[in-house]
Amino acid sequence: MKETLEKLWNEYLEDGCAVIDTDRERELVKKAAELHSTANELLTGTQKEAVQEYVDALNDIQSLFARKAFLKGCEFAVSFILEAGGSK
């Protein structure tokens, strides 16, 4: 089951989550790009590297938590369906 959930997560992320298709998402991407540009103008090379490493670490953490929540949600949904159907 873990392999199936991993495959579902990978396909879900690629097909459903990585597409920017709402006005709110476009606004956030634009704002992030503007903030990135401003920060690059204000920071030295060493500071840019430190901030980038920090951002990368935050992205890694967020990605792990999103994956964990997705997998836990799938596991919950399956157990709920089985329980509701009287299989337990």
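Residues are numbered from 1 along each chain as its sequence is written, and side-chain values use heavy atoms, with hydrogens and water left out. Because the model is predicted, local features need pLDDT of at least 70 and side-chain atom pairs count only at pLDDT 80 or more, whereas totals for chains, interfaces and linings use all residues.

Side chains of opposite charge can pair when their charged atoms come close. Three salt bridges are present in the structure, a salt bridge being a side-chain nitrogen of Lys or Arg within 4 Å of a carboxyl oxygen of Asp or Glu. One of them joins arginine 67 to glutamate 6, with the closest N and O atoms 2.0 Å apart. This pair links distant parts of the chain, since arginine 67 belongs to helix H3 (residues 45-84) and glutamate 6 to helix H1 (residues 2-17), 61 residues apart. Helices (H or I, at least four residues) and strands (E, at least two) are here DSSP runs, numbered from the N terminus. Arginine 67 is partly exposed, with a relative accessible area of 26%, and glutamate 6 is likewise partly exposed, at 27%; in these terms, buried means under 20% relative accessible area, exposed over 50%, and partly exposed in between, with a 1.4 Å probe and protein chains only.

Helix H2 (residues 23-42) holds the pair aspartate 23 and arginine 26, which lie three residues apart, about one turn of the helix. The closest N and O atoms of the salt bridge between aspartate 23 and arginine 26 are 3.2 Å apart. Aspartate 23 is exposed, with a relative accessible area of 55%, while arginine 26 is partly exposed, at 42%. Arginine 24 and glutamate 27 also meet through their side chains in a salt bridge, at 3.7 Å from N to O, and these two residues of helix H2 are three residues apart, so that about one helical turn separates them. Of this pair, arginine 24 is exposed, with a relative accessible area of 52%, and glutamate 27 is partly exposed, at 47%.

The largest pocket contains about 160 Å³ of space. On a 1 Å grid over the protein atoms alone, a pocket is an open set of points with protein on both sides within 12 Å along at least five of seven lines, and its lining residues have an atom within 4 Å of a point. The lining consists of His36, Ala39, Asn40, Leu43, Lys48, Val51, Gln52 and Val55, and the elements that give two or more residues to this lining are H2 and H3. The greatest contribution comes from H3, with four residues. Valine 55, located in helix H3, is partly exposed at 33% relative accessibility.

Helix H3 itself has 40 residues and reaches 58 Å from its first C-alpha to its last, close to the 58 Å expected at 1.5 Å a residue, where the expected span is 1.5 Å times one less than the number of residues. Valine 55 and lysine 72 are 17 residues apart in sequence and 26 Å apart in space, C-alpha to C-alpha. The buried residues of H3 are Phe70, Leu71 and Cys74. Just after H3, a positive phi of about 80° is found at glycine 86.

Terms used. On a 1 Å grid over the protein atoms alone, a cavity is a set of points where a 1.4 Å probe fits but cannot get out, and a pocket is an open set with protein on both sides within 12 Å along at least five of seven lines; lining residues have an atom within 4 Å of a point. Grid points are joined across faces, edges and corners, and a volume is the space filled by probe spheres set on the points.
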